[in-house]
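Let's walk through this model together, one region at a time. Keep the sequence and the 3D view side by side as you read.

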2 protein chains.
Amino acid sequence: MTARTLESDARGGIPRTATFRDPQIEMAHGAGGKATRRLVETLIAPILLDRAAQLGDAAVIDVGRQVVAMTADAFVVQPLTFPGGSIGTLAVHGTVNDLAVSGAVPKALLVTFVLEAGLPGDILEAEVRAIAQAAQHAGVVIVGGDTKVVEHGKADGMYVTTAGIGIPDPRACLSASAVAPGDRILLSGPIGDHGVTVLLARGQVALDAELRSDTRSVWPLVNRMLAAAGAGVRWMRDPTRGGVATALNELAQDTGLAIALYEEDVPVREEVRGVSEILGLDPLHIANEGQFLAVVAPDYADVAVAALRATPGGEQAAIVGEMREQPTGTVIACSSYGTTRVIDMLVGDPLPRIC
Amino acid sequence: MTARTLESDARGGIPRTATFRDPQIEMAHGAGGKATRRLVETLIAPILLDRAAQLGDAAVIDVGRQVVAMTADAFVVQPLTFPGGSIGTLAVHGTVNDLAVSGAVPKALLVTFVLEAGLPGDILEAEVRAIAQAAQHAGVVIVGGDTKVVEHGKADGMYVTTAGIGIPDPRACLSASAVAPGDRILLSGPIGDHGVTVLLARGQVALDAELRSDTRSVWPLVNRMLAAAGAGVRWMRDPTRGGVATALNELAQDTGLAIALYEEDVPVREEVRGVSEILGLDPLHIANEGQFLAVVAPDYADVAVAALRATPGGEQAAIVGEMREQPTGTVIACSSYGTTRVIDMLVGDPLPRIC
């Protein structure tokens, strides 16, 4: 969510109009799809956010002599640890990545904990170490935080919230309004690894797969892409809850354009495809924690992909679609056989508590 | 927690030494007293925080051309609403006040929610409105946030975390190392209102009192005090969890000095004193959410108190103690009869989930 300036705060009186009519909060409101968007757009944003704010990954605000980017994320993943990561690594990477895809160099984090009474000290210590290590690898410092404790039976061990600050990178001139028909859509790597890994870590489905969460900082990839093709990069987003399908639907709606998705070019590991098919899930709706989407002007697309592929962890980056004029606000998957289907936002919550 | 600069990040390898040996997390670790300090000082801070960081209310960091103050706080108060406020107003004021007592003008907030499935939509809307209104009154804009949902039975309706950013006020030159024997200790108003109000709102004790939480932004009071006596103000702190006794003990330990507390001069409402006596609580250990302590050089103390008393909401401000050489690291309450007693930090958690 983005606010261009603090100084323009001419917000009128409270209350403002909230049109949220769902009688109660359901798990789907936290899943990152349609229900989440309805909650944020019809209740939280109209009442809470500065009028200059726009829904996005990080706020960009003037503070005295410097423009900074800020973002905050809450993490409630279950289980706390899973192959490739844990709630602590997610909490660091989630906030670092929101800054990175906003075109800001991540600088510092604040970390708050809500701890469950009875949590073993060594589990807490392990997560604190995981956070410290992830922050160090991501090149950010942790400058403060807070700790609260709730009764046993609440908070599932721990919930973690991170808030981050970054400095806008002058190479990144991002604006959804600059996205134009013909622009290419880039994806940094294979999708669905995180969501499927966490699902399997719960042990509720009798499936096994050699998978790890993709949780990582995407800043090294973003950095290299901006260095190679910054002037052509129009928009970035990390497709977490709700997956690539939800992120692209939001892009289509925000730009009033259409998106043609070359579904066969979307990298998906065989294990992810296999588990998804068995469970009736679409990898396009599954959460990622170490990938990003970018919209790049056509003249810059090849060099941007080449830069990503030349960066460790970006080997499978691909052009996976393009912006089109029609049908406005819609994402269409196109196959090499000429068939098409509409890709909708996530509805409901097939994978709760994924981040 | 304070980090002087982002640029000095020469943090060595992970892991660093953690000496926390408590086998599991207990409610007392969240109460703001000795156990909280042990958790933060022996586990979280040594592993997590930037080496330049010091424990305090907000981090002060260089971001490009501007120094900013940042802080984050988690709120888990039960019940969600109580006379004079709610979790939403607390969440705004808690973070605004941490910035204010760090000598920073509060500017912007990020707000994250962990919501319990089943929470009625109108309760959420009421809290979102409370947050918006409190922010508007406090002069801060809300620029973003995040929402997660957990299953029914977790999260007690909602937990709220706020992160805030402010700009250091040049009138405030705060440093615990500048605190000297003879400096006066100022208190902005009566203590214990918040803690006792929340306790009574739970309905678990058959007592009734005409009390309201003191939750409010202290920035207007801090602002007037800095205008009148900024050059003499050495240190500020808002005595929330753990109360005045804990904040002063931390000051005594951090400065290596002693504190003489003129206990009879500490403003306490009759209702707070009455309920505290019945329940065996010391008002000095009870949480406040709209008061602050300041250490002021002797020549500035009277003008600082006069400035507070002339500001709405500061009418009961008082000089309540002074710094002394001996006994180092100790808070001693002195009565007009010449008697003294040692005032310790809060031990245990007599009032859980107070903020």
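**A guided walk through the model**

Just after helix α4 of chain B, B:Gly203 takes a positive phi of about 70°. Helices here are DSSP runs of H or I with at least four residues, strands are runs of E with at least two, and both are numbered from the N terminus. Before going further, please note that this is a predicted model, in which local features need pLDDT of at least 70 and side-chain atom pairs count only at pLDDT 80 or more, while totals for chains, interfaces and linings use all residues. Residues are numbered from 1 along each chain as its sequence is written, chains are lettered from A and ligands numbered from 1 in the order in which they are written, and side-chain values use heavy atoms, with hydrogens and water left out.

Buried means under 20% relative accessible area, exposed means over 50%, and partly exposed lies in between (1.4 Å probe, protein chains only). Among the buried residues are B:Asp193, B:His194 and B:Leu200. They pack against β5 (81–82), α2 (87–101) and α7 (270–279) of chain B. In chain A, helix α4 likewise has eight of its nine residues buried, and A:Gly203 follows that helix with a positive phi near 70°.

B:Asp193 also has a charged partner: its side chain meets that of B:Arg269 in a salt bridge (2.6 Å, N to O). A salt bridge here is a side-chain nitrogen of Lys or Arg within 4 Å of a carboxyl oxygen of Asp or Glu. B:Arg269 lies in the loop between β12 (258–262) and α7 of chain B, and B:Asp193 in helix α4, so the pair ties together parts that are 76 residues apart in sequence. B:Asp193 is buried at 2% relative accessibility, whereas B:Arg269 is partly exposed at 33%.

Other salt bridges are worth a visit; over all chains the count comes to 36. In chain B, B:Arg237 pairs with B:Glu250, their closest N and O atoms being 3.0 Å apart. This pair links strand β11 (residues 233–237) to helix α6 (residues 243–255) of chain B, the two residues being 13 apart, and both of them are buried. In chain A, A:Glu41 forms a salt bridge with A:Arg37, with the closest N and O atoms 3.0 Å apart. Those two are four residues apart in helix α1 of chain A, so about one helical turn separates them. A:Arg37 is buried at 15% relative accessibility, while A:Glu41 is partly exposed at 35%. A network of salt bridges links A:Arg37, A:Glu41, A:Arg237, A:Glu250 and A:Asp254.

Now turn to where the chains meet. The contact (heavy atoms within 4.5 Å) takes 88 residues from chain A and 87 residues from chain B. About 7600 Å² is buried between them, and carbon and sulfur atoms give 66% of that area; buried area is the accessible area (1.4 Å probe) that two parts lose on being put together, summed over both. A:Ile25, A:Leu48 and A:Lys148 supply 9% of the area that chain A buries against chain B, more than any other three residues. Six salt bridges cross this interface, one of them joining A:Glu151 to B:Arg353, with 2.3 Å between the closest N and O atoms.

B:Gln66 is buried, at 6% relative accessibility. Its side chain reaches the backbone nitrogen of A:Arg65 at 2.8 Å. Leaving aside neighbours within four places in sequence, the contacts of B:Gln66 include A:Val63, A:Gly64 and B:Ile167.

Finally, look at the nonpolar interior. A nonpolar core is a set of buried Ala, Val, Leu, Ile, Met, Phe, Trp, Tyr and Cys residues joined through side-chain atoms within 4.5 Å. The largest one has 77 residues, and those with the most contacts inside it include A:Phe113, A:Leu248 and B:Leu43. A second, separate core of 76 residues includes A:Leu49, B:Val92, B:Ala134 and B:Ile191.

Definitions and conventions:
Polar contact = N/O pair within 3.5 Å; in protein donor to acceptor, adjacent residues only side chain to side chain.
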